[in-house]
Amino acid sequence: MSAKTDPITQAIRIQTERTQQQEHSTPLYLTSSFIFDEAEAMRAAFADETDDNIYSRFSNPNVDEFIAKMCALEGAEDGFATSTGMSAIFGSFFALLKQGDHMISCSSVFGSTFTLVTKYLPRYGITCTLVPAGDEAAWEAAVQPNTKMVYLETPTNPQLEILDLEWAGKFSKKHNLILNVDNCFATPLLQKPIEYGADLVVHSATKWIDGQGRVLGGIVVGRADLIKEIYLFCRNTGPALAPFNAWVLSKSLETLDVRMTRHCENALKVAETLQNNPRVSSVKYPFLVGHPQYAIAKKQMKMGGGVFCMEIKGGLEAGRKFLDALQMLSVTANLGDTRSIASHPASTTHSRLTDAERLSVGITPGLIRISTGLEKAEDIIADITQALEKSAG
């Protein structure tokens, strides 16, 4: 393909080299190891003098194809795929940070990420300062002589705060820090953090990239020198992506563009409608004019994403009644599925935070997160509306 070929086209056409069977769709390489015709070839592979496959914990054709497609979509030099999104985040931290190092993270992050940076990093002598997403002065004040990395989500999970990637790129470059961006909610179809100066971009491929709630997976892409360190760390610690999962995820990328367009269109339509519902106190979606960072979202995102949040009247109990009353929407911890999903962050993904910690990042008792699926928008609205009516009783 030409270097000018659109990344979306590349994500469809990139493929492993065809075998003698001349297959049109990439075959599955379900093998734990790979053979060598001679000892010298095996020695060279282990010495990293060649790119030959050795063992599927290190590399595999299906995994390599998935990585190549994601690098094309994100505009990255290289990447490494992992078993889950959290293992991609874990690997990006532990491969590049050491005892005595410090990192800065936005305070509104996914619950498991929050636990990782507040509970587990300190056990290894790595400290982290949590900073409110949009407080630029607080970010500047958090920089220490031993600060090595900046980590952020945008949009954040589940509050949908938008961080200015242009500002984050300049801030990180000014202080010579690695900028590590979780781009899971937006996907590379809606924003490309590397264009704004990100050094690393991580994804839970389990979400929109798979898009059908089938497999787990994660990936980190970015600067080749940093990815090499992450590869070496993960090669020795083992959070490898399974070849079958990689095959599924690679095929999923072929439809990511058309799926995300429908997800975003549905999310905007449902969010706009629910703003007028008397059982809803507020609705938050990046492309709603009333969103606090609407201007930033419009600047750096092509569309608003597939997730919106709403605050329903009646608090925790009303939230539980709402979930119990849903007839079509799924109640599950996942997101990014073809099927719409509702969840209650305060009692699920962020339940391990204290009440004060949840409130500090905007997770209130009545907050409901909706991952908008590919159903007809009118059907999604109808189910949410009837559940809201029942939540009042």
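A salt bridge here is a side-chain nitrogen of Lys or Arg within 4 Å of a carboxyl oxygen of Asp or Glu. The structure is a predicted model, and by that rule it holds 17 salt bridges. Glu254 and Lys251 make one of them, with N to O at 3.4 Å.

**Glu254 and Lys251**

- At 3.4 Å from N to O, the side chains of Glu254 and Lys251 qualify because the cut-off is 4 Å.
- Glu254 has a relative accessible area of 27%, which makes it partly exposed.
- Lys251 is partly exposed too, with a relative accessibility of 29%.

**Lys269 and Glu378**

- Lys269 pairs up with Glu378 in a salt bridge, and their closest N and O atoms sit 2.5 Å apart.
- This pair connects distant parts of the chain, 109 residues apart: Lys269 belongs to helix α11 (residues 256–274) and Glu378 to helix α15 (residues 377–391).
- Lys269 comes out as partly exposed, at 37% relative accessible area.
- Glu378 is likewise partly exposed, and its figure is 42%.
- As for shared partners, Glu65, Lys69, Lys251 and Glu254 are joined into one network by their salt bridges.

**Arg235 and Asp48**

- Another salt bridge brings together the side chains of Arg235 and Asp48, at 3.5 Å from N to O.
- Arg235 is in helix α9 (residues 224–237) while Asp48 is in the loop between α2 (39–46) and α3 (61–74), so this pair ties together parts that lie 187 residues apart in sequence.
- Is Arg235 buried or exposed? Arg235 counts as buried, since its relative accessibility is 9% and the cut-off for buried is under 20%.

**Val143 in its loop**

- Val143 is found in the loop between α6 (136–142) and β4 (147–153).
- With a relative accessibility of 24%, Val143 is partly exposed.
- Leaving aside residues up to four places away in sequence, Val143 touches Ile104, Phe171 and His175.
- Val143 and Pro278 are 135 residues apart along the chain, and 44 Å separates their C-alpha atoms.

Technical notes:
Residues are numbered from 1 along each chain as its sequence is written. This is a predicted model: local features need pLDDT of at least 70, side-chain atom pairs count only at pLDDT 80 or more; totals for chains, interfaces and linings use all residues. Side-chain values use heavy atoms; hydrogens and water are left out. Helices (H or I, at least four residues) and strands (E, at least two) are DSSP runs, numbered from the N terminus. Buried means under 20% relative accessible area, exposed over 50%, partly exposed in between (1.4 Å probe, protein chains only). Contact means heavy atoms within 4.5 Å.
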